[in-house]
Amino acid sequence: MKIKILSVALGLALSATVMSASAQKNYTQGVVTYKTSMRGQDIEIKEYFTPDSTEASFTAGPATIKLLSDVKHKFFVVMVDVPVASIKKAAIYTPDEIDQVMSSLPTFTFTPGTETKQISGFNCKKVVATDNKDKKTYDIWVTNDITTSPTAVPEYYRAIGGFPVQYTAFQQGQSTSVTISSVSDAKAPAGTFSIPSDYDKITKDDLEAMSGGH
């Protein structure tokens, strides 16, 4: 009887191990959907990613905005489509402008915590991120339920030890809260990572002039 009970227990343990191992999914490409706010307005962003490229898109008023970039930071484009005004513009950043954007991003030291909670169906643990420049701290919730291509994770969190599910994002000296809603392995439609031929190519300065200098 003891042998039988041991055999059943061992079988259950092995099953649990197999289930645990299979629970972690690796996304080499797919789409991340997340919610954040911009200028006081809640928005949902969908970001397609592959091992070497990303395309994030969202709607702001009558405009659809798309951000294209590559993993090596050699390419960054902001595309603006405003159908009611017949506007289709693609602002292509120069290498120097991309370097300026990258140099403005924070660098962090990470301290794993013991707190855990579930967010959007992901089992998450808290990691405290300390900005090496101003020593401000941020509570970042990461999961090890999944792994993704590095392109699906903000540059400044790639060494955090998990996939960030709830975190503070940074761009152009401003910060905003982000919560991941879902991650799927849906493939990006053809042409996602290129500039359509009907878009006028402009500069970063042209884009800022269009948006009132902001």
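Hi everyone. Helices here are DSSP runs of H or I with at least four residues, strands are DSSP runs of E with at least two, and both are numbered from the N terminus.

Before going on, a word on the source. This is a predicted model, where local features need pLDDT of at least 70 and side-chain atom pairs count only at pLDDT 80 or more, while totals for chains, interfaces and linings use all residues. Residues are numbered from 1 along each chain as its sequence is written, and side-chain values use heavy atoms, leaving out hydrogens and water.

Back to our glycine. P112 is 49 residues from G161 in sequence, yet their C-alpha atoms are 8.8 Å apart in space.

K72 is exposed, with a relative accessible area of 62%, and sits in the loop between strand 5 (63–70) and strand 6 (76–82). T33, in strand 2 (residues 30–38), counts as buried because its relative accessibility is 6%. Contact means heavy atoms within 4.5 Å. Leaving out residues up to four places away in sequence, T33 touches E44, I45, K46, I180, S181 and S182.

Now, the inside. A nonpolar core is a set of buried Ala, Val, Leu, Ile, Met, Phe, Trp, Tyr and Cys residues joined through side-chain atoms within 4.5 Å. Which members of the largest core touch the most others? Among its 45 residues, they are Y157, F163 and I180. Strand 12 gives the most to this core, five residues. Beyond its neighbours within four places in sequence, F163 has contacts that include V32, W141, I146 and I180.

Last stop: a pocket. On a 1 Å grid over the protein atoms alone, a pocket is an open set of points where a 1.4 Å probe fits, with protein on both sides within 12 Å along at least five of seven lines, and lining residues have an atom within 4 Å of a point. The second largest pocket has a volume of about 180 Å³, volume being the space filled by probe spheres set on the points, which are joined across faces, edges and corners. Of its 14 lining residues, P106, D131, Y138, F170 and G173 are the closest to the centre. Strand 12 (163–171) and strand 13 (174–184) each supply at least two lining residues.

Definitions and conventions: Buried means under 20% relative accessible area, exposed over 50%, partly exposed in between (1.4 Å probe, protein chains only).
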